[in-house]
Amino acid sequence: MIYTQSPLAIGLFIAFVLFVLGLSFYLARRTTSAAGYYAAGGNIHWFTNGIAFAGDYLSAASFLGICGMIATAGFDGWMYSIGYLAGWMVALFLVAEPMKRLGKYTFTDALDSKFNSKSIQLMAAISTLAVSVFYLIPQMVGAGVLVQPLLGMPHWVGVCIVGVVVTIIVATAGMASTTYVQFFKGALLLICSTALVGLVLFRGLGTDPNQGGSKDYHQFLTLNANVVAGSLQVDGYQVVAGLDSEFGQAGFVKLAKDGLETVWHLQESPAGGYTLTEAMYVTEMADGTKLYNGAPKEDGKFFAVGHIKEITVDGQEIAQTGAVGPFAYLNRFKDSTVVLWGKKYVKVGDTTTTIFYQKPTPGSRILRPGLKFKVDNATGTEKFNFISLMLALFCGTAALPHILIRYYTVPSQAAARKSTIVGIAAIGFFYILTLYLGLGAMTNGVINITDNNMSAPLLALSFGVVLFAVISSLAFATVLGTVSGLIVASAGAVAHDLMDNFLGMNMTEKGKVMAGKVSAMVIGAIAIYLGIIFEGMNVSFLVGWAFAVAASANLPAILMILFWKKTTAQGVAASILIGLTSALGLILVSPDMWVRYGLLPQDAPVAFNSPAAISIPASFIALVLVSLVTQKKGALVEEGAEA
Amino acid sequence: MGHGPAVKLGKDNAAGYKARIGISMFIVYTLTYFGFVVINATNPALMEKVYFGQTLAVLYGFFLIIFAFVLAIIYNHFCTAAEARLN
């Protein structure tokens, strides 16, 4: 509806996938040992590994989710960027070098390095699997979202393509291939995103987002209406649903002209009567049929949105700023009034109408928190929810198994540290770019308001199909790379931690690699299945939860092993168990999950969505209490004393 | 089943020193980050105030990202020097 398929984009996409597969097969010939499969032989250069960190970390959530969230909610979306980056400081200062010193192939190895405890092996492997699967779902859903505009294929095809390609990559070459693919993708993502931001700054800000003159932006109308004998009257329009209808009670009216029904946002006019501003709407019938602005999707009646209402520079209203620098861009944006879009639901019988209405908002309000997170005049629970989310983002990074295993691909502790710093530089730079990409999408008339995940690629499309093709292929590669890393981590948890260590299956080097490959294929199939059944779920929504689960289950155990001498094996296992179950349990009874069960969010047993502020302390407390109780039975951690 | 590093690592005499400065820098950054979170949660209107032509929210966000990189460089400098001195 908003985008059409381009042969160039399809060609580039296919070329990229073939290149990745070719690289994978080439590297596969060099991988014969378990160390080669799980840790690329431990001989990746720190700079390559650092950019690969960025490739791993800048997943669908970062590139698609954050840009989309900034495009619709401003600064609140960028807070995800800030939180994700801050998490790297935990990784660098506390975790990077000790993890390298302790581990062999997987995160479980590091936890278990001093104990050789069956309970740690089991719990850490389950935790790795749980976090990886949580993280896999949004990546697969992101792949499905991407292929619709890129290839014109349904969601499930995208999920299957990613699943099959990644499973082939991982099942053939393991960590070496994954690292080089991530390096390649991470570097290209940074270069292309920088170019795109350069173009956004060169275009500047304007009140008519006609994409450099290449595409007309829909002119949203404003009408005046009067009330005569209790009923609304609008010149030239017939009132279909007036003030007394369900629409009227929600603050909207439905009008008709030339056989086309339109929905308008109702506001009382200071001069008497009403001012009506044009809205957009999606109608979902009882049989699941959807109409966009009263017509099927293919009719193109539903418009891309995102425009500035007023730009003021030095007290003067202007239509176009022209090319501006990065700080001047934010400064001009701050002094502008931008039209954001609110959302309301109106239910009439079996038909649900989702209405998107204009909300002119000062730029200075967009460039501060509060549009997505309720922080103004917030209740204690709302503030708790916000702080808990920011805590999860801060603590989650250093506990993500697919990030932790990357420490085993470099030859030394110094290389682990240096690659983390390269990762921080690359990721921090990219997160600065996300602010411009999001604000660029917000003001260039490219947002598909029903699914903001595609904002960054569609911003690229406004500069031409070539850039769109490149950015979309990269976004797809982003998903491919992240899913590869997650499947290697999951395969390691099953084949190395569970089969080899926990169950004590005596396998040869070749047998271990084979077990990893078979595990990768099974997990790949599970990921494909989950990606299909979770279609339509918000990408960043699940990633936030994955961070909360990782931070609760893994981080307390990692930190206490490193820094508390009295930690015991039983304490570590209890910490993972309590962290994992409390985080998952609180998520399952949260208001957001209640909505997904088809229930009212206010009926949920807990009033907050982010569990980290409860589950992380619970995990720490469990570790301390159980360690103290089991002092004589458990082995003490000598490493903590050294560190 | 053997545990331990994927590659053989020599003894690192600087490990204790590096851990200590890592913890100090972690505390500094954590306080800076939680200052940002606390202002957002308790006084979000303050974040709309303009300094040097930008909102405080944008300035603080940029600062957190750049500060992370600067601290990382300083940390690496001290660690590399300690490794050269002690190993």
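**Figure 1. Buried residues of helix H13 of chain A.** In H13(A), the buried residues are A:Asn385, A:Phe386, A:Ile387, A:Ser388, A:Leu389, A:Met390, A:Leu391, A:Ala392, A:Leu393, A:Phe394, A:Cys395 and A:Gly396. A residue is termed buried if 20 or more other C-beta atoms, placed from the backbone, lie within 10 Å of its own, exposed if 12 or fewer do, and partly exposed in between. The structure is a predicted model, in which local features need pLDDT of at least 70, side-chain atom pairs count only at pLDDT 80 or more, and totals for chains, interfaces and linings use all residues. Residues are numbered from 1 along each chain as its sequence is written, and chains are lettered from A and ligands numbered from 1 in the order in which they are written. Helix H13 spans residues 380-396, and 12 of its 17 residues are buried, leaving the helix mostly covered. Its first and last C-alpha atoms are 24 Å apart, close to the expected 24 Å (1.5 Å times one less than the number of residues). Helices (H or I, at least four residues) and strands (E, at least two) are DSSP runs, numbered from the N terminus.

**Figure 2. Packing of helices H7 and H21 of chain A.** H7 (residues 118-151) and H21(A) pack at about 25°, with axes 9 Å apart. Axes are lines fitted to C-alpha atoms over the stretch in contact, and angles run from 0 to 180 degrees between N-to-C directions. The two helices are therefore roughly parallel (angles under 35 degrees). On the H7(A) side, A:Ser119, A:Ile120, A:Met123, A:Ala124, A:Ser127 and A:Ala130 meet residues of H21(A), including A:Ile576, A:Leu577 and A:Leu580; contact requires C-beta atoms, placed from the backbone, within 7 Å. The contact residues comprise 10 nonpolar, 3 polar and no charged. Ala, Val, Leu, Ile, Met, Phe, Trp, Tyr, Cys and Pro count as nonpolar, Asp, Glu, Lys and Arg as charged, and the others, Gly among them, as polar. Of the 20 residues of H21(A), 15 are buried, so this helix is largely enclosed by the rest of the structure.

**Figure 3. The side of chain B that touches chain A.** In this interface, 41 residues of chain B contact 58 residues of chain A. Helix H1 (15-42), strand S2 (54-55) and helix H2 (56-86) of chain B each give two or more residues to this side. H2(B) supplies the largest share, 14 residues. The residues on the chain B side divide into 26 nonpolar, 11 polar and 4 charged.

Figure 4. A:Leu18 lies in helix H1 (residues 7-28) of chain A. A:Leu18 is exposed, with 11 other C-beta atoms within 10 Å.

Methods. Angles under 35 degrees count as roughly parallel, over 145 as roughly antiparallel, 65 to 115 as roughly perpendicular and the rest as oblique. Two residues are in contact if their C-beta atoms, placed from the backbone, lie within 7 Å.
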